[in-house]
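Subject: Structure for you to look at

Hello,

Here is the structure I said I would pass on. Please open it first and then read the notes below.

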Amino acid sequence: MATASPSARLSVDVGGTFTDVVLDLGATRHATKVLTTPDAPEQAILEGTRSVLAEAAIGFSDLAVVVHGTTLATNAIIERKGAKTALIATDGFRDVIEIADESRYDQYDLEIEKPAVLVPRRLRFTVPERVDVEGRVRLALDEAAVAKVAHLIVKEKCRAVAIALIHAYANPAHEQRVATIVAEIAPDIAITLSSEACPEMREYERTSTAVANAYVQPLMAGYLGRLETAFAAEGYRRPIHLMTSGGNLTSLSTARQFPVRLIESGPAGGAILAAVVAAERSEKKVLSFDMGGTTAKICVIQNYQPFKARTFEVDRAARFLKGSGLPVRIPVIEMVEIGAGGGSIARVDILKRITVGPESAASVPGPACYGRGGTEATVTDADVVLGRIDVEGFAGGMLKLEPEQSVAAVASSVGATLGLSVENAAHGIAEIVDENMANAARVHSVERGVVIAEHTLVAFGGAAPLHACRLAEKLGIQRIVIPEGAGVGSAIGFLKAPAAFELVRSRFMFLDALDLGAANALLDTMSREAKALAAPAALGRPLFEERHAYMRYTGQGHEIALKLASGQITAADMAGLREAFEADYRRLFERHIPGARIEILSWSVLVSTSAEPAKKLAARRASTAAAKASGSRLAWDHHAGKFGKVETYDRATLKTGQRVPGPAFILESGTSTYVSAAFEASLDAGGAIVLDRRKSS
Amino acid sequence: MATTRTAISKTAYSKPARRKSGPTAARTGHLGDIELQVMWSRLIAVVEEQAQTLLRTAFSSIVREAGDLSAGVFDARGRMLAQAVTGTPGHVNSMAESVVHFIRHFPLETMKPGDIYICNDPWMGTGHLNDFVLTTPCFHRGKLVALFSCTSHLMDIGGIGFGPDATDVFMEGLYIPMLKLADGGKLNSTLMAMIRANTRLPVDTEGDVYSLANCNDVGARRLIEMMVEFNLDNLDQLADHICDRSREGVLAEIAKLPHGSWKNSMTIDGYDEPVDLVATTTISPKGIHVDYTGTSPAARRGINVPLAYTTAYTVFGLGCIVANRIPNNAGSLAPLTVSAPLGCILNAPKPKPVLARHITGQMLPDVVFGCLRQAIPHRVPAEGTSCLFNITLRGQTGDQLRGNYGFATTFTSNGGTGARPSKDGLSATAYPSGVKGTPVEIAEQIMPVIFWRKQLREDSGGAGKTRGGLGQEIEIGSRIGQPFELLAAFDRIDHPPRGKDGGANGQAASVSLSTGKKLKGKGFQLIQADERLIIKTPGGGGLGNPIDRAPDAIAEDLAEGRVSKRTVQDIYAAGTDKTASPRKVK
């Protein structure tokens with residue numbers, strides 16, 4: 001076939017265990033899961049791709065586009081398998097990445113270990129130079145010293161170097177000159193400038209980001225090159241686009257330049273999917289809830305846009321504890337991740353409290369009911385004891401569960417210690433894991449200033465449909481949506497993501513003394529650069545632009561992102577900016593502070609294609625028709641505090657609009673949904689299960 | 001004040017929308033226990049949320065950047081039920097005691113919805129005038145069910161500024177006794193005017209007062225939601241459960257320790273003369289008691305400590321060693337008690353100056369560790385830097401854009417922590433304080449100075465089988481060719497952190513000029529426009545004889561430039577025990 005079918009799109013999500021491949025043909029979709037091949041991930045990708053192409057009876061040359069997300073960059077950092085990397089810093093600032101923020105992430109634990117730095121002290125070099133906070137050169141760059149350092153780096157056989165000088169975000173000239181000199185002496189070395197990777201104030205976060213980028217760059221460039229060659233060898237001639245942590249697609253060449261932006265792209269895909277589910281249903285406030293084997297991830301989505309953050313921590317030394325990882329300052333979809341999954345282990349602590357996670361039984365040995373030698377009780381075991389898991393049909397029948405092992409594990413690890421019956425112990429485990437997730441969501445919602453009870457829960461991932469009802473009850477949430485095809489949710493999400501690039505730069509100004517010329521020049525430069533980076537992945541689609549200023553009252557530490565009108569800022573806009581800031585401030589914190597001075601810390605420019613418009617679903621109509629149960633089983637009812645007969649329904653035979661009153665189970669291959677007595681379920685026009693809070697319960 | 005008084009405490013007493021569902025509290029048997037546990041974790045989440053609100057809305061840079069704040073919930077008897085884990089151990093019991101003072105001044109039966117109580121009395125709050133404590137009663141179904149309290153460090157409260165130079169508390173700033181900040185929802189505008197008029201930073205200070213009030217409101221709203229969800233009329237059963245379980249947990253941990261009494265003393269620099277901190281720690285089945293008899297008398301200048309702050313840091317240190325997984329509340333704190341003779345530096349009475357009480361108070365975990373080392377050496381680290389190296393600078397700005405005062409800012413930094421029994425100490429890390437360091441680029445934006453150097457200090461970590469953490473070298477000059485003032489409040493210059501069990505001392509701190517001239521560790525000093533201030537923070541003490549350090553660890557330290565060749569030869573190869581024969585080290 002000569003021309004690619006515009007509707008044939010391939011999406012690939014390479015995770016730690018599985019590589020998910022989805023072929024989207026517009027009307028139909030083919031998906032497969034293959035085992036990841038960590039040493040050469042492209043092999044699993046090719047295997048999966050051939051399989052879905054064969055199913056659809058088309059070839060590589062028929063594909064219009066390939067979109068790809070991978071955990072390779074994240075894993076390279078976690079496993080410390082990146083390149084030997086050097087750092088060039090300002091004299092006197094050799095230890096910025098080791099001094100970090102000088103704090104302990106656990107106040108009471110005297111035995112904490114800080115995360116291991118990516119560049120040891122002996123490979124951290126300094127050169128005489130200094131730029132001040134206003135970008136003025138206070139000490140000229142000593143070029144001879146730079147050359148000397150470059151030769152040392154060559155001698156050390158480093159393959160990458162990060163250049164991170166103080167206040168380089170305000171004036172990158174010295175970093176650029178250092179890069180030129182290093183490139184002359186060491187032409188094969190990969191170079192990252194902090195003023196390009198993260199042109200923002202705060203030396204620790206900027207240096208850490210530049211170092212992480214340099215550290216993964218040789219590896220990622222090699223992998224992406226091999227991937228491109230492999231697809232070309234199969235006859236694919238169209239571009240490969242990469243998913244970023246910010247939920248945008250970017251070109252292969254931009255990904256090679258800023259591989260640090262590929263970190264956490266898998267979970268970003270899940271959030272994008274949840275945003276699409278929200279848009280199709282006109283749900284303006286959504287909480288996405290992804291609960292798998294090891295962790296649960298929660299993300300706030302408003303107006304069909306996931307909340308974004310500007311910092312992410314890789315490789316937390318103490319899992320999930322804030323401050324224990326390496327910060328990278330990149331645009332990222334903001335998520336809270338906690339150690340709460342099906343495999344999370346339940347124990348009893350010294351205060352006789354049940355604890356769940358963050359330790360996980362993982363897939364080996366797995367929960368006790370897998371019968372693979374696990375003896376500690378997990379969340380899945382508790383769910384088995386409570387009758388919530390279909391023992392025969394677990395994971396599509398691939399795994400035959402042993403419920404008696406769950407009973408033994410729950411009884412011995414929790415029941416015996418607390419003198420609880422096995423059901424009550426299992427109920428306690430389920431309650432605690434649900435409470436942990438609810439508390440994480442609550443604290444996150446405060447950090448972001450949202451009222452959680454106003455949101456609809458979009459639940460996906462293996463364990464989410466079992467726990468969604470109780471989580472919703474705890475959070476006061478009224479509606480839950482469980483979309484179809486949630487098993488390969490991230491890969492489907494990639495296909496929905498816009499092509500975009502976002503730049504953020506620090507440039508401090510007081511609002512009442514704004515240098516209009518400088519501000520406009522900065523924004524225009526950023527706009528040009530962002531367009532150049534976004535355009536290759538846009539494939540000719542129109543690009544739009546969004547500009548923000550990050551503002552706060554002078555003296556505060558947290559900024560509010562304020563949207564700017566497109567085009568030049570003029571003197572006439574100034575009063576409006578103040579008013580808009582004050583209005584936002586009132587919305588978040590009840591009242592603004594009259595007369596207080598306002599400052600702008602940073603500016604951002606996002607250049608993006610429009611997201612694919614969501615197909616709005618027909619409004620759901622109230623139906624009085626009750627669905628027909630396919631069977632029943634005994635299961636725990638947490639409202640009643642006892643076992644009772646619960647009817648089961650097959651998702652495959654449910655018809656749109658039919659009511660399923662809780663308590664009930666809706667069964668499907670791979671997972672089952674628990675509808676608690678407080679909810680009533682039905683299938684909507686998009687094939688999702690929708691659970692609504694019942695009026696009187 | 002008309003524009004700001006309306007909503008200050010409405011959430012503390014307004015009824016939340018009633019939820020449609022949720023399990024009832026009428027549970028029987030074992031289930032009650034699980035439900036109580038769920039409510040306990042919820043209460044901890046409530047105070048974390050309260051603390052987050054404070055952090056997000058704070059103006060004070062030491063609150064928002066460094067986390068110098070505290071938030072907690074108390075039952076109607078004044079028992080603390082939960083406290084957010086934040087950067088300030090100094091607030092651990094001091095805020096709890098503060099609530100008891102509030103209840104004494106404003107009896108429960110007189111409290112009404114919309115009331116907010118305030119004070120910054122160092123002896124009824126958290127130890128110095130910069131800390132405002134606010135307490136808000138929380139009503140549910142018409143009855144007072146709980147009190148929310150919070151405190152944070154305001155950047156300026158007038159007086160002499162954030163240094164130790166005052167000779168009485170009246171010089172240290174505006175003194176607010178137990179007062180009502182709001183009465184039935186109506187804000188005390190006279191008090192707010194007084195506060196604004198008595199600080200160099202009126203906008204920030206006023207903003208921080210609102211921030212404190214709002215965070216209590218958020219806590220109260222969430223608590224009421226929980227009580228509706230679980231259909232509770234009061235917190236009595238939950239409070240008993242939390243306190244009993246926690247107390248039993250701490251006592252069970254104490255039961256595993258040897259019983260007896262151990263004494264330790266530590267000498268620190270002081271202001272005019274060295275100060276002896278002497279502790280006797282007694283472990284018995286009933287708990288752990290620390291008595292500070294033998295400690296030096298109160299000093300003339302502001303490094304004195306009110307007893308509540310002494311108790312806070314003492315109990316924090318005990319908690320780290322004995323029961324670090326048990327949350328702070330009235331039950332877990334009860335078995336840990338502290339006494340100090342009135343008039344000593346650790347129980348300084350009013351009107352002694354106390355502004356820089358942290359320099360002395362933050363040493364107390366190490367003083368207590370010296371006792372515990374004798375009982376359980378395998379669990380206790382060597383001495384560390386202990387006190388924060390807060391670099392407080394003041395002066396003119398170049399452009400006069402920052403208000404009519406100029407600048408007055410505190411830059412937080414740290415030395416090394418003590419070597420641990422099985423690990424090296426942490427370099428440039430706060431302990432016992434949990435605050436963060438200030439980024440250099442942020443500091444240079446707030447004040448017109450240039451940091452020419454801020455890096456680890458080679459050889460500063462005390463040698464030992466495990467090594468002390470490294471300190472830092474920091475060099476600061478003016479950016480605008482103007483002199484600036486240093487409000488020095490540093491210790492460990494004459495008395496470095498001590499190594500233990502044959503480990504060497506960490507290197508002492510030093511404060512000097514680029515000319516080589518030594519500066520005083522405490523008190524106001526002027527840095528000329530063409531001079532640079534050089535501050536070296538201490539390294540932590542080493543643990544065990546350096547001759548026993550693993551050769552790999554020595555080689556790694558040498559390659560990384562953490563120790564010099566000379567130190568390897570002179571100390572690691574020779575050991576600290578002069579009678580032993582030296583060994584060969586590469």
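Buried residues make up 55% of the 697 residues in chain A. A residue is called buried if 20 or more other C-beta atoms lie within 10 Å of its own, exposed if 12 or fewer, and partly exposed in between, with C-beta atoms placed from the backbone.

Before going further, note that this is a predicted model, in which local features need pLDDT of at least 70, side-chain atom pairs count only at pLDDT 80 or more, and totals for chains, interfaces and linings use all residues. Residues are numbered from 1 along each chain as its sequence is written, while chains are lettered from A and ligands numbered from 1 in the order in which they are written.

Confidence

The model scores ipTM 0.88 and pTM 0.87. pLDDT is the predictor's confidence in each residue, from 0 to 100. The average for chain B is 88, and 91% of its residues score at least 70. Residues 1-31 of chain B stay under 50. Where pLDDT is low, the predicted coordinates should not be read in detail.

Chain A

Chain A has 16 helices and 35 strands; helices (H or I, at least four residues) and strands (E, at least two) are DSSP runs, numbered from the N terminus. Its radius of gyration is 27 Å, close to the 26 Å that the globule rule gives for 697 residues, so chain A is as compact as a globular protein of that length. The radius is taken over C-alpha atoms, and the rule is 2.2 Å times the number of residues to the power 0.38. Along the principal axes, the C-alpha atoms of chain A fill a box of roughly 80 × 65 × 55 Å.

Where the chains meet

How many residues of chain B are in contact with chain A? There are 76 of them, and they meet 65 residues of chain A. Two residues are in contact if their C-beta atoms, placed from the backbone, lie within 7 Å. H1(B) gives the most to the chain B side, with 13 residues. That side divides into 27 nonpolar, 27 polar and 22 charged residues. Here Ala, Val, Leu, Ile, Met, Phe, Trp, Tyr, Cys and Pro count as nonpolar, Asp, Glu, Lys and Arg as charged, and the others, Gly among them, as polar.

Chain B

The domain assignment gives domain 1 (68-159 + 166-234), domain 2 (252-380) and domain 3 (385-586) of chain B; such bounds come from an automatic or database domain assignment. The centres of domain 1 and domain 2 of chain B, taken over C-alpha atoms, are separated by 26 Å. Each of these two domains puts 26 residues into the contact. On the domain 1 side, the largest share, four residues, comes from S2(B).

S2(B) (residues 80-83) also runs antiparallel to S1(B) (residues 69-75), joined by three bridges. Two strands pair if DSSP finds at least two bridges between them. Phe74(B) has Met80(B) in S2(B) as its bridge partner. The hairpin has four residues between the strands, and Gly78(B) takes a positive phi near 90 degrees there.

Ser510(B) is partly exposed, because 19 other C-beta atoms lie within 10 Å. Ser510(B) touches Ile493(B) and Lys536(B), not counting residues up to four places away in sequence.

Regards
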